[in-house]
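Subject: Structure for your review

Dear colleague,

Please find below the structure that I am handing over to you. My notes on what was found in it follow.

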Amino acid sequence: MKAKDYQDLLAVLFQSMYCLFLLISPTSVFILIGLKFTGTRYKDWIKYIYKFFIVLFITLLVVISICVKGFNAGSIVALVLLIIALA
């Protein structure tokens, strides 16, 4: 496989990781405005969101792994477990 074959996958990976880290980043304008509007401290926000962040990060890794390797029994089991974890 050439790097050119993974160009679309790398674009999706970059955008997904960027958006995921904006969820917890203190430089995200929307997060800061929302925290200020609700009167929530940033430390409390991190305590609330870290579990969701970890699940989303693992989901992203599994989806990227499936895109690279294709579907097999292990990937189907991982997707089912992620669906259960998200529910």
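**Surface patch**

F71, I76, V77, V80, L81 and I84 together make a nonpolar surface patch of about 620 Å². Patches are made of residues with over 30% relative accessible area and no salt bridge, like charges being joined within 9 Å and nonpolar side chains (Val, Leu, Ile, Met, Phe, Trp, Tyr) within 5 Å. Accessible areas come from the Shrake-Rupley method with a 1.4 Å probe, and for residues only the protein chains shown count as cover. Of these residues, I76 lies in helix α4 (residues 73-86); helices (H or I, at least four residues) are DSSP runs numbered from the N terminus. I76 counts as partly exposed because its relative accessibility is 47%, where buried means under 20%, exposed over 50%, and partly exposed in between.

**Basis of the model**

This is a predicted model, in which local features need pLDDT of at least 70 and side-chain atom pairs count only at pLDDT 80 or more, while totals for chains, interfaces and linings use all residues. Residues are numbered from 1 along each chain as its sequence is written, and side-chain values use heavy atoms, with hydrogens and water left out.

Helix α3 (residues 42-69) has 28 residues and spans 38 Å from its first C-alpha to its last, close to the 40 Å expected at 1.5 Å a residue (1.5 Å times one less than the number of residues). At I49, α3 bends by about 45 degrees, the bend being the angle between axes fitted to the seven residues ending there and the seven starting there. I49 is also among the buried residues of α3, which include W45, F53, L60 and I64. Just after α3, G70 takes a positive phi of about 90 degrees.

The largest nonpolar core has 5 residues, namely L9, L20, F53, L60 and I64. The elements giving two or more residues to this core are α1 (7-22) and α3, and the largest share, 3 residues, comes from α3. Such a core is a set of buried Ala, Val, Leu, Ile, Met, Phe, Trp, Tyr and Cys residues joined through side-chain atoms within 4.5 Å.

The structure holds 1 salt bridge (a side-chain nitrogen of Lys or Arg within 4 Å of a carboxyl oxygen of Asp or Glu). D44 forms a salt bridge with R41, with the closest N and O atoms 3.4 Å apart.

I31 lies in helix α2 (residues 29-38) and is buried, because its relative accessible area is 16%.

Yours sincerely

Note on methods. Buried means under 20% relative accessible area, exposed over 50%, partly exposed in between (1.4 Å probe, protein chains only).
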